[in-house]
Amino acid sequence: MADLGLVVADLVVGLMLGCVFAVIAHGLNVIWGVTKVVNVAHGEFIMLGAYGAYYLNVYLGFNPVLSVPVDAAIGIGVGFLFYFGLLHRELRGKDTITRETEMVTLVATFGLSLILSNAALAIFKGDAVGIRWAPETLAAGPVHVPLGGLYVAISSVAIIAISDLFLSRTYLGNAIRAYSQDIGAAQLMGINPTRIAAIATAIGFALTMAGGALLTVWLPVGITPLIGATYAPISFVIVVLGGPGKMWGSLLGGLTLGILIDVLPAFGISASIAVAVAFLVLIPVLLFAREGILR
Amino acid sequence: MRFPTFGPTLYGLALVMVVLGVATPFLPIIVKVQLINFLLFVGLAYALNFMTGLTGYVSFGHAVFMGIGAYALGGGIDRLGFPPLLGVILGAGLGAAFAVGIGLVTLRFRGVYFAITTLVVFLAAKNIVPEISELGGGSGIFMNLGFQPLAEFYTIWTIVVLEIGLTYWVTHGRLGYGLRAIKSDEDAAKTVGVNASRLKLILFGISGMFAGATGAVYAWTLSAVLPDTGFDITYSLRMLAMIIIGGAGTLLGPFLGAVIVYVPYNYFQTVQSLLGLQLAVIGALVLLIALFIPTGIVGTVRRYVPTLRRYVE
C-alpha cells in the first residue's frame, strides 16, 4: 500500500495540474460546443499564448497571471481572424453542421496546425524558454503547495465559473447557447448566426490563449514551439470526457486526467503508463457515455 | 468470361513501377537511397488511403502501425534470429492483427471522435512501448543489419506494387461501391444492405497491415528501432497530408501526394534557409486544398478537366 501522505501530496498536485489542463482545454470546449468545429490547431494557439506570456515577461516584466488579460485580448482578435478567415466560408448559411463540414474543417485546421507549429519553430527556434516566477510554497506536513500553482488553479476555476455564468445568465450567452442547440430556430428568434458564431469563436480563442499564459507557470523551463503537440491531445480528451459545450465538463475532464497522471505513480505505476492510462480512459467513456461524463 | 480492361492510370503506374524496378540496380547509391525513402512515403500514403481515403474515416494515429511493424522487425531479428524479410512479413501480420483489434473498438466511433481515438491510441502506445524491457525499453533495439539497399528497395517496391494492385481491385470492384456508399452516407449504406462494420474492419486491417510492413522497412533502413523513430507522429501527419493533397480514395492520388510531399521534404533538407519549413509548406498546401478543392488534385481534375478524366481513374 502506498504511503498515505505521499498519495495526498500527489492528489494535491494532481488537482492543481487538472485545473491547468481544464483551463487550456476550455477554449476548445467553447468552440467545439458552439460551432461544432474541432480545432486541430488548438495546441498551437496554446503555444502562442504561452509565448505571449513569455515575451510580456521578458519585455514588460509581467508575471503569467498578469499576462492572462493581455493574452485574452489578443486571443479575441485572433479568434475573429480565425472565424472570418477559415470558418465563415464553411459555416455560412448552414442550419446543421454536416459530417462533410466537420471533416473539411478538421483537415483545414490540421493544415493550420502544421503551418503554425513549424513557422513557430523557425521563428522562436527550438530552444526551450521559460518564465522565472516562483512565489513561495505553502507546507503542511508532506504536502507542499506551490503558490504559483494555487493561483493558477484558482484562476482556472474562476474562468470556468465565469464562462458558465456568462452562458446561462446573459443575453449574449443565451443567444450563443441557442445557436449551439439549433441554428435555424435561433435565427427565427432574431439571432444573427454569423455574429454569434464569430463571437463564440473569439471567446474560445481568448480562453485558449489565456490558458496558454497560465500553463507557463507549470513550464518554468519548458516553453517550446512543439508544446502544442503535447497539450492538444490532452485538450481533446478532456473535452470529450466532459462533453463538448458543457462548461464544467472542462474542469471534470481536466481533474480526471490530472489526478490519474499524478496519483497512479504513487501506487508504483510508472509515469508514462499513467499517462497512457489517462489517455485510454477516453475509450470506455466514449463507449458507454457518448455525450461525456457530465449529464 | 470478360477479359478485364485496365484504365490508363493503372498502366501508367505499372510503367513507373517497372521502370523503377528495372533501373534501380544500375543507379548510383545516393539515388537508390532516395528512391527507397520515396517509396516508403508512397507505401505509407497507399496504406492510409485504404482507410481514410476509401471510407472517409480520418486517422491521426496511423504511425502506431508503423511502430508495431518496426518493433516486429526489431524483435524478430534480435530475439528470434529472423532474416529481415521475415521480419517485414511479421510486421505486416502484427500490423493487421493490431488494426483489427483496435478497429473492433474504435470503429464504433465516427467522424471527429474516431480521429481523436486514433490519436489517443497512438499516444498510449508511444508511452507504453518504452516501458516494455523485452522491447529494449527506452533505448530501443539495434539490429546491425549493415547497408542492404537493394534488398530494402525490392521489399518496399513489392509492398507498393501490392498496394497499387489492391487499391485498383478495391476501387474498381464490387467492394468499391460499398465503400463509396459508406463514405457518402454510412446510415443510408447500411439501409441498402452494405455490411458497413465488416467492410470498415477489413479496410482498417489492410491499412494496418501495409503500414506495419512499411514501418518495418523503415526500421530496416535505419537498422534500429527506437521509441522515437518507431512512433513518430510526423509520419502520421505526412501520411494524411499526402492523401489529402493527392486525392483521398483514388488510385493515382496517393502516388501524386507522395511526390508532392517527398520532393520538398528532400529538397528543403539540402537548403539551409529552408530547413525545418517543409512541414509548414505542406501544411499550407493541406489548408488550401481542404478549403478550396476538398477532393484533392485527382478529384478536382476529374471534375473540372473532362479531357484528362480518363487518365486519373
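What covers the buried residues of helix 13 of chain B? I started there.

**Ground rules.** I noted that this is a predicted model, in which local features need pLDDT of at least 70 and side-chain atom pairs count only at pLDDT 80 or more, while totals for chains, interfaces and linings use all residues. Residues are numbered from 1 along each chain as its sequence is written, with chains lettered from A and ligands numbered from 1 in the order in which they are written.

**Helix 13 of chain B.** I took helices (H or I, at least four residues) and strands (E, at least two) as DSSP runs, numbered from the N terminus. The cover includes helix 4 of chain A, together with helix 11, helix 12 (253-268) and helix 14 of chain B. I listed the buried residues (20 or more other C-beta atoms, placed from the backbone, within 10 Å of a residue's own). Among them are Gln278(B), Leu279(B), Ile282(B), Leu285(B) and Ala290(B). I then checked the length. The 15 residues of helix 13 (residues 278-292) should span 21 Å at 1.5 Å a residue, and the end C-alpha atoms are 21 Å apart, so the two agree. The expected span is 1.5 Å times one less than the number of residues.

**Helices 11 and 14 of chain B.** I looked up how helix 11 (residues 233-246) packs on helix 14 (residues 296-304): the angle is about 10 degrees, and the axes are 3 Å apart. That makes the two helices roughly parallel (angles under 35 degrees). Ile244(B), Ile245(B) and Gly246(B) of helix 11 meet Gly296(B), Ile297(B) and Val298(B) of helix 14. I counted contacts as C-beta atoms, placed from the backbone, within 7 Å.

**Between the chains.** I found 33 residues of chain A in contact with 35 residues of chain B. Helix 4 (99-124), helix 9 (227-242), helix 11 (271-280) and helix 12 (282-288) of chain A each supply at least two residues of the chain A side. Helix 4 of chain A gives the most, with 16 residues.

**Chain A overall.** I read 12 helices and two strands in chain A. The order from the N terminus is α-α-α-α-β-β-α-α-α-α-α-α-α-α. The C-alpha atoms fill a box of roughly 60 × 45 × 35 Å along the principal axes. Of the 295 residues of chain A, 55% count as buried. I also looked at contacts in chain A with a separation of 6 or more: residues 24 or more positions apart account for 79% of them.

Note on methods: Contact = placed C-beta atoms within 7 Å. Axes fitted to C-alpha atoms, helices over the stretch in contact; angles between N-to-C directions. Parallel < 35°, antiparallel > 145°, perpendicular 65-115°, else oblique. Buried ≥ 20, exposed ≤ 12 C-beta atoms within 10 Å, placed from the backbone.
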